[in-house]
Amino acid sequence: MFSNLFNIVIFIVMKLNPLEFFDTYELIASPNTYSPIVPNECRYCGEKSEVLFKTDCHLIPELLGRNHFLSRDECDNCNQLFSKWESHLAIFARPYLSLSNIKTKNKVPIFQSRTDYKDQPRTSIKIEEGSTKRLIHSNLDDFILDTEKGLLQIATRNPGFIPNHIYRALCKIMLGMMPSKEFFENKDFFKWLEGTQELPEICHGFQYKSQKKYYKTPSAQLYKAKKIVVGNIAYPEFVGIISFANTIVQFYLPLSENYLINHSDQNSMNLVVYPSFAFDGDMKQNQKFKIRHITNFDQKEPYKSDEKFTFKVN
Ligand SMILES: [Zn+2]
């Protein structure tokens, strides 16, 4: 039934008008405004039994940073069901948390690089807080110190994660706090999440690494398009923003059946970029910022990412 959908042309709007996002989308949910649809009744499966509400289910998993945002309408079974996506999100998040020295549930996670060949030294990154910050590492090839410019570059060889599992883990955070009206209009999101129904996924996302701001406590916002079609331009209805450590990730929920009823393949789909860089405070004129365009959220094979982080050192 979605055969036409794959003809949709996606345009990525990278205009330098930070207000464009807020002209197009409005905030509809965050952990601060969350309220359960019915307290102690699972929003996903309808479970009400008290014995299945024993675990502290977090709206934002603590693998993105310690927090106290708890769900009051997610049962232990559903929590367990979704946790399989989260282990991949943890692998993705670890270098950012380690390098930003952000605690998850109990401690700052230690990043360990993958080994690509036998006996390749593994890099561990751990920052010890004392009178001075100390970086503990074991593979000097991954560290480049430029003493002239006072820059330290660290290469992280991520052990590999499945991008589609990360996508599902991120979307789940949004479904957990989605207001009841939107939740019930799009019941098929849950079926997609548990894997019993396919929906057209939007494999694009955007990631910004903050220059100044660190999120000790992660945050999450769910935005909804004010209008899903303007002229012949369509916008994905729901956008999620997750901020943790030094990173802000923007992604789109899949297109639900409810959305597709109104969709015409004459329309082209536009993705508007969230102005994450604005949170770095005053920007200098002509200041450059880098937003990483994620294109593989539909990938179901492990993906090994290599990233470089640059630090100012004295
Ligand atoms: Zn449930």
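Here is a walk through the structure above, from the whole chain down to single residues.

Please keep in mind that this is a predicted model. The chain has 314 residues, and 35% of them are buried. Its secondary structure comes to 6 helices and 16 strands. If you look at contacts with a separation of 6 or more, 74% of them join residues 24 or more positions apart.

Strand β8 pairs with β13 (residues 247-252) in the antiparallel sense, over 5 bridges. One point to find by eye is Q207, whose bridge partner in β13 is V249. Strand β8 is also joined to β15 (residues 291-294), by 4 bridges and again running antiparallel. Here Y208 has I291 of β15 as its bridge partner. As a general rule, side chains in a regular strand alternate between the two faces of the sheet.

Now turn to helix α3, which runs over residues 163-177. With its 15 residues, α3 reaches 22 Å from its first C-alpha to its last, close to the 21 Å expected at 1.5 Å a residue. Because 14 of those 15 residues are buried, α3 is largely enclosed by the rest of the structure. P163 lies in this helix. P163 is itself buried, because 22 other C-beta atoms lie within 10 Å. Leaving aside residues up to four places away in sequence, P163 touches N296, F297, Q299 and Y303. P163 and P302 are 139 residues apart in sequence, yet their C-alpha atoms are 7.3 Å apart in space.

Further along the chain, M174 touches L222, F238, G240 and L253, again not counting residues up to four places away in sequence. M174 also takes us to the largest nonpolar core, which has 65 residues: A93, L170 and M174 touch the most other members. Elements that each supply at least two residues of this core include α2 (76-100), α3, α5 (188-194), β9 (215-225) and β12 (238-245). Helix α2 gives the most to the core, with 10 residues.

To finish, find the open sheet of 3 strands, ordered β6-β7-β16 and paired antiparallel. Its edges are β6 (143-146) and β16 (306-312), each with a single partner strand, so one side of each is left without a neighbour in the sheet. The twist in this sheet averages 15° from one strand to the next. Strands β6 and β7 (residues 151-157) pair over 4 bridges in the antiparallel sense. D146 is a handy landmark, as this residue stands opposite L151 in β7.

How values were computed. Residues numbered from 1 in each chain as written. Predicted model: local features only at pLDDT ≥ 70, side-chain atom pairs only at ≥ 80, totals over all residues. Buried ≥ 20, exposed ≤ 12 C-beta atoms within 10 Å, placed from the backbone. Contact = placed C-beta atoms within 7 Å. Pairing = 2+ DSSP bridges. Core = buried A, V, L, I, M, F, W, Y, C linked by C-beta atoms within 7 Å. Axes fitted to C-alpha atoms, helices over the stretch in contact; angles between N-to-C directions. Expected span 1.5 Å × (residues − 1).
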